[in-house]
Amino acid sequence: DENDFLRQTSELIPAEVRMISGCHSEQTSADLSNVSSVANNLPNPAGRAGGACTSAFLDVLYEAHQRQKKSDNREILTFQDLLLQLRSSLSNSGFDQIPQLTSSRPLDVQQCPFHLVGGTGARRALLVGINYLGQNGELSGCFNDVYNIKKYLQNHHGFAPKDIVVLMDDGKHSFPTRQRIIQELKKLVSCSIGGDSVFFHYSGHGGLLDADGFNLFKAANPNAKQYDETLYPVDHGTSGQIRDFSLYSHFVQPMKEGVFVTCLMDCCHSGSVLDLPYSFQPTSGGGIRTGRNLDTLSNLAFLYVLAGGMLPSHGFENVTNHIENNVDGTLDDYQGTCVEQLEMDDVACEEAQFDDPEGVGYGEGIDDDDVEYGHDYDDFGGDDDTEERFVGNGDGDDVEYGHDYDDFGGDDDTEERFVGNGDG
């Protein structure tokens, strides 16, 4: 029942984690040549180009702040309002990508005011923007997305520059390699305690990899999505992609209880890249379709076991039985089988000598002259060419495209917009 589901997910994810993605898992996400096509309220954008999701997200929030001031803070933006306005903005601009919210906890999206921070502790952010300069599938708006998000966090939520880490492949900031992204996510985990707020923004390519041989629960379960969602670091050609398993194991699962985490993923196939158990998707009819099921919970549990965790002997019987009915063997056979990969990540992060540009570190490297401080640290209480943000799956053979993997069913037919796998 609902109480059991919540208890089990709380054991698998102690922190309160929410992720807004620009599309669901089967869709691509657009890179705009002119952000004004979706963002009329974005003040002094860093440049013309930008991600459709990031630009629309900021546009909705800035407009809400303006309405709040006019109404003496009586105007409320709920999570439902945000999702519906995001979908409307993207649809009105000609994009078929459907944004969605996933969460580690149930959420009354109709009543709950949207907020990026929780608690009174420290506020830290990791902002990753990758344009893949000189590579196939080069993008144009990811740097601008990071600049615009950073300005918003500082102006409206009191994030100090020293507590914002920026990774970009622009030659001025730390490079967003696989090792560096994972290292910075692990740092957020290690330094955050209950009452702190964490914000993670990723703007770049996302993809899909066959789960067979890695996540056998997905691969063997006909009702589950039989692929892993991924992020593309700048060195993906040599170091590989970052699977949802790694994001869960290094970032989501170990985050401490009481930490409030918000993520914004502006990339293709990002709908469940953090494997969060509760999902909320705006419909064309103006409602919110919610989802939670035993498959999503069992996938979380299987990832936990692969990473070396052991499920409690009592209280997870339904999950254990469901997993073992789909995989060959018992959970004991899989316990810790991916620990070696995680340990390799740890060693690589410890040994790596990052060639950072001189003078660029935590919170440095961005011109803050146009940022105003000391006000509006609030929430909401009471004809353009586009590029797909997907560079392919590495070999073009292990993912099928054009299928409707929609977990929610219903009224949303989507068309895959695929730019290729980078090999022509």
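Q: How many bridges join β4 to strand β12?

A: In this predicted model, three bridges join β4 to β12 (residues 278-282), and the two strands run antiparallel. Leu 101 stands opposite Phe 280 in β12.

Q: Which residue of β4 is the bridge partner of Met 19?

A: Met 19 has Thr 102 as its bridge partner in β4. Strand β1 (residues 16-21) is joined to β4 by four bridges, again in an antiparallel arrangement.

Q: Are the faces of strand β4 covered or uncovered?

A: Both faces of β4 (residues 100-103) are covered. Gln 100 and Thr 102 are buried on one side, and Leu 101 and Ser 103 are buried on the other.

Q: How do the axes of helix α9 and helix α10 cross, and at what angle?

A: Two packed helices are described by the angle and the distance between their axes. Here the axes of α9 (residues 294-306) and α10 (residues 317-326) come within 9 Å and cross at roughly 85°. The two helices are therefore roughly perpendicular to each other, since angles of 65 to 115 degrees count as such. Residues making the contact include Leu 297, Ala 301 and Phe 302 of α9 and Val 319 and Ile 323 of α10. The contact residues divide into six nonpolar, three polar and one charged.

Q: Where is Asp 275 placed?

A: Asp 275 is in the loop between β11 (260-266) and β12. Its phi is positive, near 60°. At 8% relative accessibility, Asp 275 counts as buried.

Definitions and conventions: Residues are numbered from 1 along each chain as its sequence is written. This is a predicted model: local features need pLDDT of at least 70, side-chain atom pairs count only at pLDDT 80 or more; totals for chains, interfaces and linings use all residues. Side-chain values use heavy atoms; hydrogens and water are left out. Buried means under 20% relative accessible area, exposed over 50%, partly exposed in between (1.4 Å probe, protein chains only). Two strands pair if DSSP finds at least two bridges between them. Axes are lines fitted to C-alpha atoms, for helices over the stretch in contact, and angles run from 0 to 180 degrees between N-to-C directions. Angles under 35 degrees count as roughly parallel, over 145 as roughly antiparallel, 65 to 115 as roughly perpendicular and the rest as oblique. Contact means heavy atoms within 4.5 Å. Ala, Val, Leu, Ile, Met, Phe, Trp, Tyr, Cys and Pro count as nonpolar, Asp, Glu, Lys and Arg as charged, and the others, Gly among them, as polar.
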